[in-house]
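Colleague: Please take me through this model.

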Amino acid sequence: MANLSTRVLGKVFKNPIIPAAGPNVGSGTLIAKAAEGGAGGLLAKTISTRAAQVPHPNMVRFGKDNLLNTELWSELPPQEWFEREYDIAIAAARKHQLPLIASIGYDADDLVELGPKLEQKGIELIEFSIHYVDAQRLTSTASSLRNAVSIPIIAKLSPHAGDLGEIARLLDPYVDGFACINSFGPTLLIDIEKIQSPLGSQYGYGWISGPAVKPLALRSVFEVARETEKPVIGVGGVTRGEDVIEFFMAGASLVGVCTAAVLNGPGIYGKIASETDRWLDAHGYQDIAEIKGLYLEKYRNGQRVVTEIVQTARVDETRCKACSLCEKVCQYDALHAPSKQIAHVDVNACVSCGLCVSVCPFGALALRPR
Ligand SMILES: Cc1cc2nc3c(=O)[nH]c(=O)nc-3n(C[C@H](O)[C@H](O)[C@H](O)COP(=O)(O)O)c2cc1C
């Protein structure tokens, strides 16, 4: 078994998979369930100085594993969190020996009001979201919270805010870590039978999350990690152990899960942790720390871009199952795989685009020197 436990901002996380803010951690009881489900650390849904007035309906599944949502922040008034929900969450964190992160938003006044109350309550880490913060006010908002509390603060970045690498560079002097990304949007789905959106927001818009945003989240983590030495929590589309490995390779120190927990229940945290462990074991790593930043360091300064065609697809005939999928997707008429026949590559037609390699279900195609 590989070591999954990791120390971030002075706290020991039992494994690197924690909840990301959402309905999955919308109450103390749900946070306790995340602990029982095997999360390596805990996080509470974002609260603000007033309860959110949320449109209804506000969540819809998109594809198998994604969501669109128009939730804002917690619909519970902050006093309910301070009088009841945080107590339940803190008790669960103590029982399971897990760090607990509280999430708050949004403007400087909100943060300055809520931050010190959290610190007094015994919360040891704060995440604040920039989701609804004016671009001109990002640094002043972060610096207000910085001056109001002495515990570590993490900036949760939203992809619609712009260049997250640049934002991380601007916020770096005021914060102790970053989380990225929040859900992306606004986006739209239309029920064409009813000619209506499944969501109750003004124009029916929602914010997308789940595997559809994972490539955006990975790029964001890579760009933020290039700008800072501080820990980055990778969030966006994590559903399985391999996703955790990808985020760590891009430079993440922890990984947050929201959509997969909403759709599959709190047992998903522990399941993803076991899968991460299995991957590390199978690849001969003893500690998750060994894979951290492997891609970040390799690609930090970019790679040489090859525009000449120096490679071609090659078929491993022992693996090809004659499914002819590669022929269907080849836009250059370079792959010939008539029904029930092993695929064959026309080397002179192949432009080394790489698509067939990613499409073959049997790993029978690879790019090799021409
Ligand atoms: C229904 C829903 C509610 C969310 N609420 C919050 C929130 O209150 N605060 C926040 O920072 N992020 C919120 N998020 C964003 C998630 O924490 C996460 O950043 C994003 O969904 C991407 O991760 P995922 O693909 O694992 O869901 C919410 C996401 C969803 C789907």
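Modeller: Axes are lines fitted to C-alpha atoms, for helices over the stretch in contact, and angles run from 0 to 180 degrees between N-to-C directions. Helices (H or I, at least four residues) and strands (E, at least two) are DSSP runs, numbered from the N terminus. The model is predicted: local features need pLDDT of at least 70, side-chain atom pairs count only at pLDDT 80 or more, and totals for chains, interfaces and linings use all residues. Residues are numbered from 1 along each chain as its sequence is written.

Colleague: At what angle do α6 and α7 pack?

Modeller: Helix α6 (residues 214–227) packs against helix α7 (residues 241–250) at about 30°, and their axes are 8 Å apart. The two are therefore roughly parallel, a label for angles under 35 degrees.

Colleague: And which residues make the contact?

Modeller: From α6 come Lys 214, Leu 218, Val 221, Phe 222 and Ala 225, and from α7 Asp 243, Glu 246, Phe 247 and Ala 250. Residues are in contact if their C-beta atoms, placed from the backbone, lie within 7 Å. This set divides into 6 nonpolar, no polar and 3 charged residues. Nonpolar covers Ala, Val, Leu, Ile, Met, Phe, Trp, Tyr, Cys and Pro, charged covers Asp, Glu, Lys and Arg, and the others, Gly among them, are polar.

Colleague: Changing topic, which residues touch the most other members of the largest nonpolar core?

Modeller: In that core of 91 residues they are Ile 31, Leu 42, Phe 178, Cys 180, Val 221 and Val 257. A nonpolar core joins buried Ala, Val, Leu, Ile, Met, Phe, Trp, Tyr and Cys residues through C-beta atoms within 7 Å. Buried requires 20 or more other C-beta atoms within 10 Å of a residue's own, exposed 12 or fewer, and partly exposed lies in between. Beyond four places in sequence, Ile 31 contacts Val 25, Leu 42, Ala 44, Ala 89 and Ala 92.

Colleague: Why is α1 largely enclosed?

Modeller: Because 7 of the 9 residues of α1 (residues 28–36) are buried, the rest of the structure largely encloses this helix. Ile 31 is one of the buried residues, as are Leu 30 and Lys 33. The cover includes β3 (17–19), β4 (42–43), α2 (78–96) and α9 (267–282). Just after α1, Gly 38 has a positive phi of about 100°.

Colleague: Where does Pro 23 lie?

Modeller: Pro 23 is in the loop between β3 and α1. With 18 other C-beta atoms within 10 Å, Pro 23 is partly exposed. Leaving aside neighbours within four places in sequence, Pro 23 is in contact with Glu 71 and Val 262.

Conventions
Angles under 35 degrees count as roughly parallel, over 145 as roughly antiparallel, 65 to 115 as roughly perpendicular and the rest as oblique. Two residues are in contact if their C-beta atoms, placed from the backbone, lie within 7 Å.
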